[in-house]
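Have the sequence and the 3D view open as you read.

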Amino acid sequence: MAEWEPYEVDLDRITVTRFTTSQRVQHEVLVASFTILIITGLPVLFPEISSRLLGGAFSFRTFLHHFAGVVLIGLSVFHVYWALFTAEGRREVQHMIPRFKDLTDLVHFVKHQTGHTDEPAPFDKYDPFEKFEYLAVVWGSGIMILTGLTLWFFEFTLQFFPKWVYDLVLMIHGYEAVLAFLAVILGHLYNVHLKPGVFPMSRVWLDGKISLRKLKEHHPLEYERWLAEQRLKPQGSMRSTRAAANADSPSSGATEVKPSAG
């Protein structure tokens, strides 16, 4: 059987599922809790100004900050369970583990960006930048949760540690929050939503879908894996996929094709 590949027009019409419902919900809960934590936490770095501006609402700020912190803790516990005890989670973690190939891909990416090669870097499902961001979230969440609990239950903390330890934890908590805020504003938002080809926003975090064209351009190894999965299917199913894509007009949206779990 001849190898099958989508027509050029199908690359924009056919979409595949990049992020599952579980991944999207976890991400949206993280976005909500992180936003509330930043908005309610940064004023503590400027207590005199914040108390004058917020007045009596400053105590409500504390409640919101603690509530968002509890949500982040619950999300972290669920994410650990999802990553260790579900097939979907274990599969995604395997894709996210840093490998030596990431270094070679990074070198290839720099060469491509500087015009030393015409071929884009052969990224898999997650590129080195996405892996770094994921590890930064895991590391940063751990630090923020540990230091946040230490500050929240300060009376218990001071029973076992001297005052300078508390002051150090307070400084770490504050600077880690500022670092996380800058990383999201300057790095993540640009890479995901604002860079050329994506602006004004990528919708993958909302519906979990990505077009075949973007998959082919940005994650070529995942695209080739998707093609291999389609070639293993009967010819009829591939014809129906193409027919469904061709039946859609540009205004009626794209045809979704869910890849197998492999």
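Leave out the residues up to four places away in sequence, and E176 touches G140, I143 and M144. Keep in mind that this is a predicted model. E176 has its place in helix α9. Along the chain, E176 and G140 are 36 residues apart, yet their C-alpha atoms are separated by 7.2 Å.

Is E176 buried or exposed? With a relative accessibility of 14%, E176 counts as buried, because the cut-off for buried is under 20% relative accessible area.

Helix α7 covers residues 128–152 and helix α9 covers residues 163–194; their axes come within 9 Å and cross at roughly 150 degrees. That angle makes α7 roughly antiparallel to α9, because angles over 145 degrees get that label. As for handedness, the crossing of α7 and α9 is left-handed.

Which residues meet where α7 and α9 come together? On the α7 side you'll find E133, G140, I143, M144, T147, G148, T150 and L151. Facing them from α9 are Y166, V169, L170, I172, H173, E176, A177, G187, H188 and N191. Sorted by class, this contact has 8 nonpolar, 8 polar and 2 charged residues, with Gly counted among the polar ones.

Next stop: T40, which is found in helix α2, residues 21–41. T40 is buried, with a relative accessible area of 5%. Which side chain does the T40 side chain pair with in a polar contact? The partner is the side chain of H65, at 2.8 Å. H65 also turns up in the contact list of T40, together with R61 and L64, once neighbours within four places in sequence are set aside.

Here are the two residues side by side:

| Residue | Relative accessible area | Contacts beyond four places in sequence |
|---|---|---|
| E176 | 14% | G140, I143 and M144 |
| T40 | 5% | R61, L64 and H65 |

Finally, the whole chain. How many helices and strands does the protein chain have? There are 13 helices and 3 strands. The chain has 262 residues, and 32% of them count as buried. Take the contacts between residues at least 6 apart in sequence: 75% of these join residues at least 24 apart. The E176 and G140 pair, 36 residues apart along the chain, is one you can pick out in the 3D view.

Conventions:
Residues are numbered from 1 along each chain as its sequence is written. This is a predicted model: local features need pLDDT of at least 70, side-chain atom pairs count only at pLDDT 80 or more; totals for chains, interfaces and linings use all residues. Side-chain values use heavy atoms; hydrogens and water are left out. Helices (H or I, at least four residues) and strands (E, at least two) are DSSP runs, numbered from the N terminus. Buried means under 20% relative accessible area, exposed over 50%, partly exposed in between (1.4 Å probe, protein chains only). A polar contact is a pair of N or O atoms within 3.5 Å; within protein, one must be able to donate a hydrogen and the other to accept it, and residues adjacent in sequence count only if both atoms are side-chain atoms. Contact means heavy atoms within 4.5 Å. Axes are lines fitted to C-alpha atoms, for helices over the stretch in contact, and angles run from 0 to 180 degrees between N-to-C directions. Angles under 35 degrees count as roughly parallel, over 145 as roughly antiparallel, 65 to 115 as roughly perpendicular and the rest as oblique. A crossing is left-handed if the near helix is turned anticlockwise from the far one by less than a right angle, and right-handed if clockwise.
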